[in-house]
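Reader: I'd like to learn how to read a sheet and a core in a model like this one. Can you walk me through it?

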Amino acid sequence: MEHIEIDRAAEPVIGPGTQPQGGKKVFVKTYGCQMNVYDSQRMTDALGVDGYSATERMEEADLVLLNTCHIREKAAEKVYSELGRIREVKREREKAGGEMMIGVAGCVAQAEGREILRRAPVVDLVIGPQTYHRLPDALRKARSGEKVVETEYAVEDKFEHLPQPRRTEIARRGVTAFLSVQEGCDKFCTFCVVPYTRGSEVSRPVSQILAEAEKLAGAGVREITLLGQNVNAWHGEGLDGAEWGLGRLLFRLAEISGVARLRYTTSHPRDMDDELIAAHRDLAELMPYLHLPVQSGSDRILKAMNRRHKAADYLALIERIRAVQPDIAMSGDFIVGFPGETDADFEATLDLVRQVRYAQAFSFKYSPRPGTPGADMKGHLPEQVKDERLQQLQALLAEHQHDFTQSRVGMRFDVLIEKPGRRPGQRAGRSPWLQPVIVDETAGEIGDIVPVRIARVEGTTLFAETA
Ligand code: 5AD
Ligand code: SF4
């Protein structure tokens, strides 16, 4: 994606799957990006065929699966400390006569492989993201006492092998859904592990994407977010035999009855083609939000990062997008303290941010990832410099986000109602720009798209009165 992250791996997302129906239970804990959230659901679906149902309580799980993220250091360390905690829960459960298998999936599994068994012998099963279709078999082996490591993959298409989610499960997961259309990355940014953990770029065939989208819509999903590590690199043979890009695909998906909103993430600046930009002008279902990471505003650093574009190219691209969709919410990712980054380089990043004025952004201190070219570069910066730069950048980004949020006050637009609100009498939804919006429960039912007027803002949350 360029990797898209739910709060960028800080907060784990607990991902439930099927409802308990007796039989065995699986507890899945998901770290990192939306692709992992999606994969966790697919793994739960796959295990459902073998009689496993999801639980949100680890103590009652016969299988605990950690779906891990390797994008930054702390994420892997968190996995090891979590495994320590799980070992205690397993002990308690075994004392009471139960069983608990422990599996590690995701990018840490892919990157560390057998090392995980060495550092955490309590683990029964290690499975990388390219081999999830082998999960049920791997689990059977592990249950017979074998330690299983599944990280080798050839040309199999993981898209083909996982079962489609059942209608009732989709409905239970809500009115918004992820749909994976592309996996892997060939860009090899010098800081990034994704090309190593997720493999090379693969696009999912149109027919499979449409089948899954139809299924989602049939189960009541109103908003679909297309996922890919490099989602706008997606391409495939269209229904007319012609080569389609993501723009064409979005137009086709919008024809599915019930699909009211479309999003996609994460995009690479080099893969934003004319048709995709035109979709932001012509396709009402395509929401005005674009996550388009730039990482740095310095050409010298962009080159060292192997981003293969300059700051000016990126700014020109945003100008083209804004020319067709002036009110688009731009979102981005930034890395501060890449090896060799000078004060002037960092200033160039701040300068780019001032020009773009992001509605939302994620920023990180550079973390050397073993095996990536960046880790071996000269000029690694002291933590303190990284800390200071991160603070300065985040203050600027927060200011712009605040301005964007404030600019919605008094505006009228449609909100998709997604779930009950935290307080009685409220429901929670999203604006076209992906902002949380609180509406009165009289505004409509979950799944409705209702016109509202924004009365006020608290933090990044909008509060609506029905228009
Ligand atoms: N150090 C810090 N941040 C990183 N990211 C990816 N790799 C690293 C790294 N080694 C950030 C990038 C990417 C986002 C998902 O995570 O900004 O877009
Ligand atoms: Fe994104 Fe670059 Fe990593 Fe690919 S290598 S996922 S383009 S950051």
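**Sheet and core**

Author: Let's start with one pair: Thr225 has Arg263 in E14 as its bridge partner. Strands (E, at least two residues) and helices (H or I, at least four) are DSSP runs numbered from the N terminus. This is a predicted model, where local features need pLDDT of at least 70, side-chain atom pairs count only at pLDDT 80 or more, and totals for chains, interfaces and linings use all residues. Residues are numbered from 1 along each chain as its sequence is written, and side-chain values use heavy atoms, leaving out hydrogens and water.

Reader: How many bridges join E11 to E14?

Author: Two strands pair if DSSP finds at least two bridges between them. Here, five bridges join E11 (residues 223-227) to E14, and the two run parallel.

Reader: What is the strand order in the open sheet?

Author: It's E8-E11-E14, three strands with parallel pairing. E8 (176-180) and E14 (261-265) are the edge strands, each pairing on one side only.

Reader: Which strands does helix H1 touch?

Author: Contact means heavy atoms within 4.5 Å. H1 (residues 34-49) packs on the sheet, touching E8, E11 and E14.

Reader: Which residues touch the most other members of the largest nonpolar core?

Author: Such a core is a set of buried Ala, Val, Leu, Ile, Met, Phe, Trp, Tyr and Cys residues joined through side-chain atoms within 4.5 Å; buried means under 20% relative accessible area (1.4 Å probe, protein chains only). Among the 55 residues in the largest one, the answer is Leu226, Tyr264 and Tyr358. Helix H9 (residues 206-218) gives this core its largest share, six residues.

Terms used
Chains lettered and ligands numbered in written order. Buried < 20%, exposed > 50% of the residue type's maximum accessible area, 1.4 Å probe, protein only. Axes fitted to C-alpha atoms, helices over the stretch in contact; angles between N-to-C directions.
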